[in-house]
Amino acid sequence: MASKYIALPKGVSEKDFDAAINNFRKVLSDDAVLTSAEQLAPYIKTMMPVADAEHTPSAALLATTVEQIQQIVAICNQYKVPIWMISTGKNLGYGSAAPAERGQVVLDLKRMNRILEVDKDLAFALVEPGVTYQQLYDYIKEHKLGLWLSMPAPSAIAGPVGNTLDRGVGYTPYGEHFLFACGMEVVLANGEVLRTGMGSMPNSNTWQVFKWGYGPYLDGIFTQSNYGIVTKFGFWLMPEPPAFKPFVIQYQHEEDIVEIVETIRPLRISGVIPNAVVIAHALYEAPVKAKRSDYVSGPGSIPDEAVDRIMKDHKLGIWNVYAALYGTQEQIDVNWNIVTQAFGKSGKAKILTEQEAADDPAFVYRAKLMRGEMTLTEFSLYNWRGGGGSMWFAPVSQARGSETLKQMALTKQILAKYGLDYSGEFIVGMRDMHHIVDVLYDKTDPEQTKAAYQCFDELLTEFSARGYGTYRVNTAFMDKVAETYGPVQRKVHKTLKKALDPNGIIAPGKSGIR
Amino acid sequence: MKEIIRNLIVVFGFMPIIIFLATTWVWAAQEDNSASSHRWKDGAEIYTKICAYCHDAQVAPPIRNRKLPLDYIRNIVRNGNRAMPAFRPSEINDESLTKLAEFISHQSSQH
Ligand SMILES: Cc1cc2nc3c(=O)[nH]c(=O)nc-3n(C[C@H](O)[C@H](O)[C@H](O)COP(=O)(O)OP(=O)(O)OC[C@H]3O[C@@H](n4cnc5c(N)ncnc54)[C@H](O)[C@@H]3O)c2cc1C
């Protein structure tokens, strides 16, 4: 007999699932428990090169209160039904809104979207999971609070809770988002509600201003994790600076990246440049201005000669270094001198500011990201190959020039083996450097999809063999990445999981933890 | 509520429930009721704050004033299309989606 569900959770009978769904309906209204194929369609689409069936949810629950979530976890414990949490659900290139495993019930917190507090003086916010950056941006503008957001490139449609819980990054001086998180409320698998840090103390008003509280610091264990459901989230906002100076520095040769990183590192560590510096390859920038089909046709990765032509035609460097200065005009003037002297030394850098680059669409969107303005221009990346396939490959290294060329060569070599292009950038955080490569492929082409899967698998294998760990990965490869961090970490993660969620109802499989 | 508590007791045993419900109530009482939640005003707002960032920015094809069928728009919004993400009813509910589809399809007649 055909099931009335499009998928079932692993090991749960239809009868038990029926009972669970009936109980969910008692807690939520009928229209907040979704089970039909049509209702679940937006939870199924991913950019990953695996069959949608592997990540098809059995249901989605649209909760709006903490109390409802407590009741939902009680039902999940009773029927051993696993849930997968999303806040704004735009984890694009990492699994989108689909669960890690087929049959998990998506707990969609998008409707829980109250901005609970934004304090102008202390520059912090406390929000619920469904708040988008756009919503918070509008609120700050409407109330003239003079605060800036830091957000990832999908800005308007994503949100601070989901992004930070997955340890995402942005482009202002507050861009390492989890560094600026301060206090969470978490519904645990046993239904208890934990407020981390100072939030545990009755009558305290320091929840959003002092991160550590007393005793072991707990917030970290709720990021990239499945130990609890975050229902409130505090974080710090940047006061709007009196002046802002974005700039781009272009270089013409791939080998120049060594000099670029050596120049940036001291400026970042000393704080002269206060935001993470993006060093974008021409192929990462090209889609904003150029069409791949104008330069190359047929299978295989794009040849260097075509990349050269793109650079010339569209005024791109092979490396395009984006950063900004923030502060009073006097501070900026002093730091600008230091920056231009440092980059000017070798004579290879072409330094452009708003004066020269105001009409350049790549510069315009990067500048917006660096001051927390909404833009989705980076989605141009997907016009390069077409077909909507994407996985972020994100290994971490030391911020040293010597770490760049060998990583780039290895990445290019593996991508080329599978006929894919190198759409990459290096981001100098402070002492660390993320190498971010968008593995773009045509998901409507089964051959390319298969190649993309194998390519990503090989990238992970080869990079981890050389000691490069991945900071975050899509749901199809979480086990593989967890494995690269060794058995002891996996065992500790598992021990915590058992203690906090003995029935394994919260997002089993997240970060390879079950 | 009674039924819920019974449910919770089955799963967790009696003591912890009393404690956590009690604590939740204390916090609920502290919560600021004036907190700002979100509702879309109209189709134009949704268009401006989501669609326009790509469709009016040369990232995705223009879609306004093309008399695209409402069902087609609804379908693309819910299912996504290639790189365009799908949007869930929790983000844009069915009523708002209809307003959005009308705005996209017949925008010029509204001005
Ligand atoms: C073109 C493009 C550019 C991108 N650029 C960036 C970038 O610059 N920086 C960046 O960080 N990302 C980037 N991304 C990836 C991604 O889109 C963003 O990170 C986005 O912010 C994640 O989606 P979200 O904010 O809606 O979070 P969600 O999808 O809601 O959540 C992300 C994950 O966090 C966990 N989670 C969510 N809510 C909860 C909860 N309440 N309790 C416990 N766990 C929870 C879940 O595991 C979930 O899968 C980019 C994507 C694209 C397509």
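## Exercises: a ligand and its shell

**Exercise 1.** Find out what an oxygen atom of the ligand does at K90(A).

*Solution.* Start at the backbone: a polar atom of K90(A) lies 2.7 Å from a ligand oxygen, a polar contact (a pair of N or O atoms within 3.5 Å). Next, go to the side chain of S87(A), where an N or O atom is 2.7 Å from a ligand nitrogen. Then try N163(A): an N or O atom of its side chain sits 3.0 Å from a ligand oxygen. Finally, check the cover: the ligand alone exposes 960 Å², and the protein buries 98% of that (Shrake-Rupley, 1.4 Å probe).

This is a predicted model, with local features needing pLDDT of at least 70 and side-chain atom pairs pLDDT 80 or more, while totals for chains, interfaces and linings use all residues. Residues count from 1 along each chain as written, chains are lettered from A and ligands numbered from 1 as written, and side-chain values use heavy atoms, without hydrogens and water.

**Exercise 2.** Sort the ligand's shell by class.

*Solution.* Take the 32 residues around the ligand (a heavy atom within 4 Å).

**Exercise 3.** Work out how confident the prediction is for chain A.

*Solution.* Average the pLDDT (confidence per residue, 0 to 100): chain A gets 97, and 100% of its residues score at least 70.

Key: Polar contact = N/O pair within 3.5 Å; in protein donor to acceptor, adjacent residues only side chain to side chain. Nonpolar A, V, L, I, M, F, W, Y, C, P; charged D, E, K, R; others polar.
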